[in-house]
Amino acid sequence: MKNIDWANLPFGYYKTNYNVRCYYRDGKWGEIEVSSSEHINIHMAATALHYGQEAFEGLKVFRGKDNKIRIFRWEENAKRMQNSARGIMMQPPPSELFFEMLKKVVLLNEEFVPPAGLGAALYVRPLLIGSGPQVGVKPAEEYLFLMFAGPVGPYFKEGFNPVDIQIIRDYDRAAPRGTGHIKVGGNYAASLVSSERAHKEGFATVLYLDACEKKYIDEAGPANFFAIKDNTYITPKSNSILPSITNLSLRELAADMGLKVEQRKVAVSELGDFEEVGACGTAAVISPIKRIVERETGQEFTYCPDGKPGPVSTKLYQRLKGIQEGETEDKFNWNTIL
Ligand SMILES: *Cc1c(COP(=O)(O)O)cnc(C)c1O
């Protein structure tokens, strides 16, 4: 293993030894190529650059105390990437290809899989882009599917810590029948102005509302939203939310722990009733929320009266982390051991 200060790594890009690539050309996927270059060479008229034919994924790989390497729920990432590809008319990479490339990129960079117990992981970023040229608005005929990987530290250096977030009404992230439900770069482009403003104003992220009525909660920037109330796990249902695999896993764990699970429209007016609220995603698993501020009116909702994450969020967090790190029984068979 590399000599790296694993516990203090940020969540960011880290140069490693190799990445893997595969091209779709002439109607078929080619051989998997291994590269040590951090650059790609694509046509200047590639549809990814002009018309946003771009989708990505993010998943984590953990080393357990038993030294085994575990990949968390990669089949779900493969399925979601296929769905994203279909949503913007790209060639979907088959799950077998997804796994072959994933295995290769992890094993080639094995020395960058952090040791157990530090909260660090190897983050894998699959990327699919239209690499073939078009000037008229049309899907490309050639696609590049690549994966790179790098070690990332625990999302919160101080541990599992509550954050402040902001509700805004002057920007939308995704349209009701647009591309919010797929993991494409365009959604992130649309969120940059409002999310950078939120950071400047002291918030971890923006909580976006449904673009149509501005009455219901969609999601929190790059993470889904959930709330706990009366032994119930509540999370919004909307066409413009990206279906988070962390959220899916938390719903399954919540049900297993005896909570009721509701996936339904969640009105902003309910925020005052919740006992615990949080954002969830691969990067942090759960970011407990301690304060939600309506930017327009200044209205505030506060949680975590003792400054600490709530008991249900904490239990869910520990159970999911435990499974990922090989410390808790993997009852649902979520891990693939390499
Ligand atoms: C990736 C992503 C999430 C989190 O999904 P996970 O599968 O849990 O990592 C949530 N919202 C958006 C918009 C995303 O792109």
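This is a predicted model: local features need pLDDT of at least 70, side-chain atom pairs count only at pLDDT 80 or more; totals for chains, interfaces and linings use all residues.
## Ligand surroundings

The ligand is surrounded by 15 residues, and the closest are Lys183, Tyr188, Ser244, Thr246 and Thr282.

## Helices α5 and α6

Helix α5, which covers residues 245–256, packs with helix α6, residues 311–324, at an angle of about 110 degrees, and their axes are 10 Å apart. Because angles of 65 to 115 degrees count as roughly perpendicular, α5 and α6 are described as roughly perpendicular to each other. The crossing in which α5 passes α6 is right-handed.

On the α5 side the contact is formed by Thr246, Ser249, Leu250, Leu253, Ala254 and Asp256, while α6 contributes Leu316, Arg319, Leu320 and Ile323. Sorted by class, the contact of α5 with α6 comprises 6 nonpolar, 2 polar and 2 charged residues. Thr246 takes part in this contact as a residue of α5, and Thr246 is also listed among the closest residues to the ligand.

## Helices α2 and α3

Helix α2 (residues 74–87) and helix α3 (residues 95–108) have axes that come within 9 Å and cross at roughly 125 degrees. The two helices α2 and α3 are therefore oblique to each other, and their crossing is right-handed.

The residues that make this contact are Trp74, Asn77, Ala78, Met81 and Gln82 from α2, and Ser95, Phe98, Phe99 and Leu102 from α3. By class, the contact of α2 with α3 consists of 6 nonpolar and 3 polar residues, with no charged residues.

How values were computed: Residues are numbered from 1 along each chain as its sequence is written. Side-chain values use heavy atoms; hydrogens and water are left out. Axes are lines fitted to C-alpha atoms, for helices over the stretch in contact, and angles run from 0 to 180 degrees between N-to-C directions. Helices (H or I, at least four residues) and strands (E, at least two) are DSSP runs, numbered from the N terminus. Angles under 35 degrees count as roughly parallel, over 145 as roughly antiparallel, 65 to 115 as roughly perpendicular and the rest as oblique. A crossing is left-handed if the near helix is turned anticlockwise from the far one by less than a right angle, and right-handed if clockwise. Contact means heavy atoms within 4.5 Å. Ala, Val, Leu, Ile, Met, Phe, Trp, Tyr, Cys and Pro count as nonpolar, Asp, Glu, Lys and Arg as charged, and the others, Gly among them, as polar. A residue is near a molecule or strand if one of its heavy atoms lies within 4 Å of it.
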